[in-house]
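Trainee: I would like to learn how to read packing and backbone features in a model. Please take me through this one.

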Amino acid sequence: MKKLILIAVAVMNALLLMGQNAPLQSDVRPLIGVSCSHPGNNSSTRMTYTNSVIKAGGTPVLIPVTTDSVVLKDILDRVDGLLLIGGGDIHPSYYGEEAVPELGEVDSLRDVYDIALIQMAHDMKMPMFGVCRGEQLINVAFGGTLYQDIPSQHPDTTIRHRQKEPGIEATHCVGFVEGSILGDVIGQKELMTNSFHHQAVKDIAPGFRISAWSLDSIPEAIESAEGKPIWGVQFHPEYQTDNGDEVSARFFYFFLEEANKYRLQKVRKQVINKFQGIGRKVQLK
């Protein structure tokens, strides 16, 4: 009996490992936890985010804004990736600075909620993808700093980083660093993007690297330099993805592929634990 159990575990491991390189299947969709903004007394997100997850082969799950760590952990235990959406400014106390007069609106509840999500997801080795504020949050959560206000703190900027045009319109160019993961994902050296921010990464967090720059030297994308599944972009690829742009959609296809790998690893652990439990019961008998 013990020999049969070991053989079964070996076969299941082989099947799961083979599946890690398989394309996403329509009948097994990774669950993606999507962080929410906090307007009024609501927990909400734009459909451009959820539609982008769906387009890439995932099922979005909105994570309500709460500081209840038990609830947040319970949700993260059930999902396979964390998408951190855009929004308002992050309070500078999180990176050891006093607020400048140009600081925009901050939401202390959302700051606590977002930082808690990042820390929990990191502890679980869960794939994370941050957009705009989401990218900035990742940098701050791991020890980096921000320009609280680009116009006043980076006065030689030549690009209008808070555009007036709709999100589906690209207004400036982003250049990817050669050899960066996100540069390889997008498959080209430059990308025309939209821009809706007045804050940005200043000092990169330890263990991370800048993977894209604007022409006026503002960081436009970051990624782990230690092989962790964490990436972020300053712009908003979800607008173009939802509008049918296949180049911007590559970010979400990549993120969903990583989430699927994470899902399969979870299944593998569950199967191994189940068979090991059976083995222990057999040995006791």
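Trainee: Is the crossing of α3 and α4 right-handed or left-handed?

Mentor: First, some ground rules. This is a predicted model, in which local features need pLDDT of at least 70, side-chain atom pairs count only at pLDDT 80 or more, and totals for chains, interfaces and linings use all residues. Residues are numbered from 1 along each chain as its sequence is written, and side-chain values use heavy atoms, leaving out hydrogens and water. Now the case: α3 and α4 cross in a right-handed way. Right-handed means that the near helix is turned clockwise from the far one by less than a right angle; anticlockwise is left-handed. Helices (H or I, at least four residues) and strands (E, at least two) are DSSP runs, numbered from the N terminus.

Trainee: At what angle do α3 and α4 pack, and how far apart are their axes?

Mentor: Two packed helices are described by the angle between their axes and the distance between the axes. Here the angle is about 50° and the axes are 10 Å apart. Axes are lines fitted to C-alpha atoms over the stretch in contact, with angles from 0 to 180 degrees between N-to-C directions. The pair is therefore oblique. Under 35 degrees is roughly parallel, over 145 roughly antiparallel, 65 to 115 roughly perpendicular, and the rest oblique.

Trainee: Which residues of α3 and α4 meet?

Mentor: Contact means heavy atoms within 4.5 Å. From α3 come S69, L72, K73 and L76; from α4 come Y113, A116, L117, M120 and A121. By class, the residues of this contact are seven nonpolar, one polar and one charged.

Trainee: Which residues touch the most other members of the largest nonpolar core?

Mentor: In soluble globular proteins, nonpolar side chains tend to be buried together. A nonpolar core is a set of buried Ala, Val, Leu, Ile, Met, Phe, Trp, Tyr and Cys residues joined through side-chain atoms within 4.5 Å. Buried is under 20% relative accessible area, exposed over 50%, partly exposed in between (1.4 Å probe, protein chains only). I63, L76, L82, M126 and I138 touch the most members in this core of 32 residues. α4 gives the most, seven residues.

Trainee: Which residues have a positive phi although they are not glycine?

Mentor: Most residues other than glycine have a negative phi. K125 has a phi of about 60°, and lies in the loop between α4 and β4. S217 has about 70°, in the loop between β9 and β10. K125 is exposed, at 64% relative accessibility; S217 is partly exposed, at 42%.

Terms used. Ala, Val, Leu, Ile, Met, Phe, Trp, Tyr, Cys and Pro count as nonpolar, Asp, Glu, Lys and Arg as charged, and the others, Gly among them, as polar.
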